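These are my notebook entries on a single structure. I set down what I looked up, entry by entry.

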Amino acid sequence: MIKQTLMAAAVALSMTATSTFAADEAPESDLDRLSYGLGMMIGERVLKNYGDLNYDLLVEAMKAQAADAETSMTLQEAGEALQAHDQKALAEQNAEAKAAGVAFLAENAEREGVSVTESGLQWEVITEAEGPKPALTDTVSVHYVGTLIDGTEFDSSISRGQPTQFPLTGVIPGWTEGLQLMNVGSKYRFVIPSELAYGERGAGQQIGPGA
């Protein structure tokens, strides 16, 4: 669920465990610093994405793969395991976001001044104007602020200091429909259901699946 306010106008690693360090101790040898540093980078860039893990098996597999030793899984099976995990996590995230969106839509629809189209798009007039309304075949120039339902801002032409131009057929369905409701010079607030926004794929780092 996103809100828009618009104004028309598999790495193989070689490692050798030599010693362990307490959190307040710094590794001294070049090999120890390299080993510890690689562990930190793997933890930051990869492992944080996977929550709880069996670290004994993780290290065992890394050592075996780096040494070309026999492993309990093939690389293809490892890839399938990662893919299955990611698909499950994506589905859970999508379901959670959709549920939050449905609740937000229901509450927002009760607010005075909010209208709902047949597709489910919610719109509210902030400032009305008397200019013409764009047609589906038009290219428009808009100033906008986009936020998630928790208020997190993910994009803003106003912050960039210049409006954005695009054809109405080249944006998400919620924009395509909503902008045709607006007279040039007006300011509206839209609440866009997931299916009229970026759906299950999301967009970038901030707009998750189902948002």
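**Entry 1. Asn108 and its contacts**

I worked from a predicted model throughout. I began with Asn108 and set aside its neighbours within four places in sequence; the residues then in contact with Asn108 are Val114, Gln122 and Val191. I located Asn108 in helix H3, which covers residues 75-109. I then looked up its accessibility: Asn108 has a relative accessibility of 9% and counts as buried, because the cut-off for buried is under 20%.

**Entry 2. The largest cavity**

Which residues line the largest cavity? I recorded Asn108, Arg111, Val114, Gln122, Trp123, Glu124, Arg189 and Val191. The largest share, three residues, comes from S3. Sorted by class, the lining holds three nonpolar, two polar and three charged residues. For the space inside the largest cavity I noted about 30 Å³.

**Entry 3. Salt bridge between Glu124 and Arg189**

I turned next to charged pairs. Side chains of opposite charge can pair when their charged atoms come close. My search of the whole structure returned five salt bridges. One that I examined joins the side chains of Glu124 and Arg189, at 3.6 Å from N to O. Glu124 belongs to strand S3 and Arg189 to strand S7, so this pair ties together parts that are 65 residues apart in sequence. I checked the exposure of both partners. Glu124 is buried, at a relative accessible area of 11%, whereas Arg189 is partly exposed, at 30%. I also found that Arg111, Glu124 and Arg189 are linked in a network of salt bridges.

**Entry 4. Salt bridge between Lys98 and Glu200**

I then looked up Lys98 and Glu200, whose side chains meet in a salt bridge of 3.9 Å, N to O. Lys98 lies in helix H3 and Glu200 in the segment after S7, so the pair ties together parts that are 102 residues apart in sequence. Lys98 is partly exposed at 35% relative accessibility. Glu200 is exposed, with a relative accessible area of 51%, because the cut-off for exposed is over 50%.

**Entry 5. Salt bridge between Asp155 and Arg160**

How far apart are the closest N and O atoms of Asp155 and Arg160? I recorded 2.6 Å for this salt bridge. Asp155 counts as partly exposed at 25% relative accessibility. Arg160 is likewise partly exposed, with a relative accessible area of 47%.

**Entry 6. Phe166**

Is Phe166 buried or exposed? I found a relative accessible area of 9%, so Phe166 is buried. Phe166 sits in strand S6, residues 164-167. Not counting residues up to four places away in sequence, I listed its contacts as Asp138, Thr139, Val140, Val142, Val171, Trp175 and Leu179. For one of these, Val142, I also took the separation from Phe166: 24 residues in sequence and 8.6 Å in space, C-alpha to C-alpha.

**Entry 7. Backbone at Asp68**

Most residues other than glycine have a negative phi. I placed Asp68 in the loop between helix H2 (55-66) and H3. With a relative accessible area of 70%, Asp68 is exposed.

**Entry 8. The chain as a whole**

I closed with totals. The secondary structure of the chain comes to five helices and seven strands. From the N terminus on, I wrote the order of elements as β-α-α-α-β-β-β-β-α-β-α-β. The chain has 211 residues, and buried residues make up 28% of them.

Key:
Residues are numbered from 1 along each chain as its sequence is written. This is a predicted model: local features need pLDDT of at least 70, side-chain atom pairs count only at pLDDT 80 or more; totals for chains, interfaces and linings use all residues. Side-chain values use heavy atoms; hydrogens and water are left out. On a 1 Å grid over the protein atoms alone, a cavity is a set of points where a 1.4 Å probe fits but cannot get out, and a pocket is an open set with protein on both sides within 12 Å along at least five of seven lines; lining residues have an atom within 4 Å of a point. Grid points are joined across faces, edges and corners, and a volume is the space filled by probe spheres set on the points. Helices (H or I, at least four residues) and strands (E, at least two) are DSSP runs, numbered from the N terminus. Ala, Val, Leu, Ile, Met, Phe, Trp, Tyr, Cys and Pro count as nonpolar, Asp, Glu, Lys and Arg as charged, and the others, Gly among them, as polar. Buried means under 20% relative accessible area, exposed over 50%, partly exposed in between (1.4 Å probe, protein chains only). Contact means heavy atoms within 4.5 Å. A salt bridge is a side-chain nitrogen of Lys or Arg within 4 Å of a carboxyl oxygen of Asp or Glu.
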